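Hi,

Here is the structure I said I would pass on to you. Have a look at it first, and then read my notes below.

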Amino acid sequence: MRRAVLIAWLVWGSSASVALGHAAEQGFILLLPTDVYITAGVAVVALTVLVLALVPDRMTHGVFRPVVLWRVRKSSLTHVTSCLSAVVLVWLVLAGLYGSRDPLGNPLPLTVWTVWWIAMVSVQGLIWNHWRWTNPWTGPAALMARAVGERAPLRYPSALGHAPGIIGFIAFCGFLLADPAPSDPARLAGIVGGYWLIMLAGLALFGPRWLLRAEAATMLMRLYGRMAMLGRRRGRLAFGLPGWQIARGPHLPLGAGLLALLALGGGSFDGLNETFWWLGQLGVNPLEFPGRSAVISPTLAGLLGANLVLIVIFGLCTWAGLRLAGGEVYMRMAFRAFGPAILPIALGYHIAHYLVSFLVDGQYVLAFLSDPLGRGWDILGLGAHSVSTGFLNTTATVKVIWLSQAGAVVIGHVIAILLAHALAIRLFQQRKQALLSQLPLALFMVGYTLFGLWLLASPRGM
């Protein structure tokens, strides 16, 4: 089994010679040996499923057993850093309103789309939960409560559940994918500033529960924070495989499982709607793309449709697994348990999709940090630095980039299968039931691996 896995990885790794930049502004038409590397990538995931059927349950649990390090105390500085984060956010909004109109020269679009959406979300899901320090609402809300000396006057309606935050996340994806100018500094400043004020008002009126149920960024970051390798366990810092906090912690609410699926669906459609295939379905010549304003409605419809299809397929696979397993586990409980297991896949797609964009736009971030006031400074010692995409024209660097992208997709699926199996063992009393419950979901994940690697290799425009 080990030899087969090794051969599959070697074939898959040696098959790539050029890369595809998912989030770059220009389209890259790259011819890849798709039959070889997709077969190898899917084989790795399929072999993982077979291995899980053979290894004892204690080994599956052992994979997600963290290494406990030293004792840590809760810090009172989180409100201080949150206030600093809010101050930076206000400054960025002002810069968006009154600063440069160039999206690559204004710090607001660079911060929102490159620093926060690409880098900070990836760090949150992969390394550690920084959002408890960088959340721009908790500190100002604490100051407001202390100044007034009263608790929140209203109680958050429990009937709403996570619906406001989920709707907010869908709206964010729609703005990212369909808005004609999501990086326009003034337009972005109005949306970011208005959203921050509305969420701060909701937090003041309804208390912390508003932040946990209605604020999309906090909901997403807290969910990804449970994926991080670093976390707390019994008052100590612990380190483990991504997802160990989900495997070892309590079952998350239903809204969290749904948000995990939306994170995957939104990321997947973000890649799909740039492909020649999708543009062909819309009757658009990808080499003569008329602009985002011409495809707003189809993009929004495709985003909603893609998420709906994903939720339905995942729900049917979960239901079929319960029917195979038998027992007294209800659909709601199974959805709560297995929904968050999708997070490793969503994070893998997120990293793969935006890697090239980060490598390019990250250079603009460094240039701005080196000369934030446009005075000709060189704080970071970059010298005569100019933004370059030359690494996309070199075979060696392009191969490394593509292997990193494909590796993120495949590794995300492997961890997701391991995590789902560990959660199934917790949910069912008998090993046979746990294995049977995972068969449809395993097929779903293998199929999604095929789809993800196809996205990675598909030519795209826009």
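Let's begin with helix H4, which covers residues 78-98 and so has 21 residues, according to the helix runs. From its first C-alpha to its last, H4 reaches 30 Å, close to the 30 Å expected at 1.5 Å a residue. Keep in mind that this is a predicted model.

Which residues of H4 are buried? They are Thr78, Ser82, Ala86, Leu89, Leu92, Val93, Ala95 and Gly96. These buried residues pack against four partners: helix H5 (107-126), helix H6 (131-134), helix H7 (138-148) and helix H9 (185-206).

Next, the salt bridges. How many does a search of the whole structure find? The search turns up one. In that salt bridge, the side chains of Asp179 and Arg187 meet at 2.8 Å, N to O.

Now for a pair of helices. Two packed helices are described by the angle between their axes and the distance between the axes. Here the pair is helix H8 (residues 163-178) and helix H13 (residues 254-272), whose axes come within 10 Å and cross at roughly 5°. Angles under 35 degrees count as roughly parallel, so H8 is roughly parallel to H13. On the H8 side, the contact is made by Ile166, Phe169, Ile170, Cys173, Leu176 and Leu177. H13 brings in Gly255, Leu258, Leu259, Leu262, Ala263, Gly266, Phe269 and Asp270. Sorted by class, this contact of H8 with H13 has 11 nonpolar, two polar and one charged residues.

While you are at H13, look at Leu254, which lies in that helix. Is Leu254 buried or partly exposed? Its relative accessible area is 30%, so Leu254 is partly exposed. Leu254 and Arg336 are 82 residues apart along the chain, yet their C-alpha atoms are separated by 4.9 Å. Not counting residues up to four places away in sequence, Leu254 touches Arg332, Phe335 and Arg336.

Ser437 has a relative accessible area of 2%; buried means under 20%, so Ser437 is buried. What is Ser437 in contact with, leaving aside its neighbours within four places in sequence? The contacts are Gly321, Ala325, Phe338, Ala424 and Phe428.

Cheers

Notes. Residues are numbered from 1 along each chain as its sequence is written. This is a predicted model: local features need pLDDT of at least 70, side-chain atom pairs count only at pLDDT 80 or more; totals for chains, interfaces and linings use all residues. Side-chain values use heavy atoms; hydrogens and water are left out. Helices (H or I, at least four residues) and strands (E, at least two) are DSSP runs, numbered from the N terminus. The expected span of a helix is 1.5 Å times one less than its number of residues. Buried means under 20% relative accessible area, exposed over 50%, partly exposed in between (1.4 Å probe, protein chains only). Contact means heavy atoms within 4.5 Å. A salt bridge is a side-chain nitrogen of Lys or Arg within 4 Å of a carboxyl oxygen of Asp or Glu. Axes are lines fitted to C-alpha atoms, for helices over the stretch in contact, and angles run from 0 to 180 degrees between N-to-C directions. Angles under 35 degrees count as roughly parallel, over 145 as roughly antiparallel, 65 to 115 as roughly perpendicular and the rest as oblique. Ala, Val, Leu, Ile, Met, Phe, Trp, Tyr, Cys and Pro count as nonpolar, Asp, Glu, Lys and Arg as charged, and the others, Gly among them, as polar.
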